[in-house]
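Thanks, everyone. Have a look at the screen.

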Amino acid sequence: MEQYNNVVRRVVLSGPTNFSPLIKEAIRIASHSKKYHILLIIADGQITEEQKTIDAIVEASDYPISIIVIGVGDGPWNMMDDFDNELPKRKFDNFQFVNFHTSYKGKNPDLSFALNALMEIPDQYKTIKALGYLSLSQTPSRNTTV
């Protein structure tokens with residue numbers, strides 16, 4: 001978080017915001033590797049091409065990809081919440097939205113933020129494994145825990 005806070009002061013965030021090309025590239029990479037991937041997107045505002053993004057998120061649920069979007073701007077974030085909770089065509093819940101400003105708080109804000117950002121990863125990984133999306137070399141042996 002310290003590094004992010006140093007860099008964000010020098011970066012100008014602007015729109016339009018379109019996740020579809022990023023998600024499509026993650027799909028391309030995952031389709032070749034058959035390994036588990038986490039796509040982390042840091043966004044400063046609402047997306048501009050809703051249907052293309054929905055289609056990309058749904059398509060990504062056919063691959064071993066978890067998508068985490070961190071909202072760092074002032075939103076609005078209604079659509080991100082919908083992507084997180086309201087896309088029934090997905091094979092599994094592959095999308096997690098975290099509002100940085102509301103999750104980075106408390107006595108230990110780094111821990112609070114990390115917990116919010118990563119809390120769905122274990123269940124997503126288990127589902128990806130159950131769906132058979134991983135190559136055999138990626139699957140842990142019976143003697144290891146995930």
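α2 passes α3 in a left-handed crossing, meaning that the near helix is turned anticlockwise from the far one by less than a right angle. This is a predicted model: local features need pLDDT of at least 70, side-chain atom pairs count only at pLDDT 80 or more, and totals for chains, interfaces and linings use all residues. Residues are numbered from 1 along each chain as its sequence is written, and side-chain values use heavy atoms, with hydrogens and water left out.

Now the geometry. The axes of α2 and α3 come within 9 Å and cross at roughly 20 degrees. These axes are lines fitted to C-alpha atoms over the stretch in contact, with angles from 0 to 180 degrees between N-to-C directions. The two helices are therefore roughly parallel to each other (angles under 35 degrees).

Which residues meet? From α2, S20, I23, K24 and I27; from α3, K52, T53, A56, I57, E59 and A60. Contact here means heavy atoms within 4.5 Å.

Next, the burial in α2. S20, I23, A26, I27 and A30 are buried (under 20% relative accessible area, 1.4 Å probe, protein chains only). Seen down the axis of α2, they fall within an arc of 120 degrees, so they line one face of the helix. The arc is taken from the directions from the helix axis to the C-beta atoms. These buried residues pack against β1 (37-43), α3 (50-60) and β2 (65-71). On the face turned away, P21 and H32 are exposed (over 50%).

Last, the end of the helix. K34 follows α2, and its phi is positive, near 55 degrees.

How values were computed. Helix = DSSP H or I, 4+ residues; strand = E, 2+ residues; numbered from the N terminus. Parallel < 35°, antiparallel > 145°, perpendicular 65-115°, else oblique.
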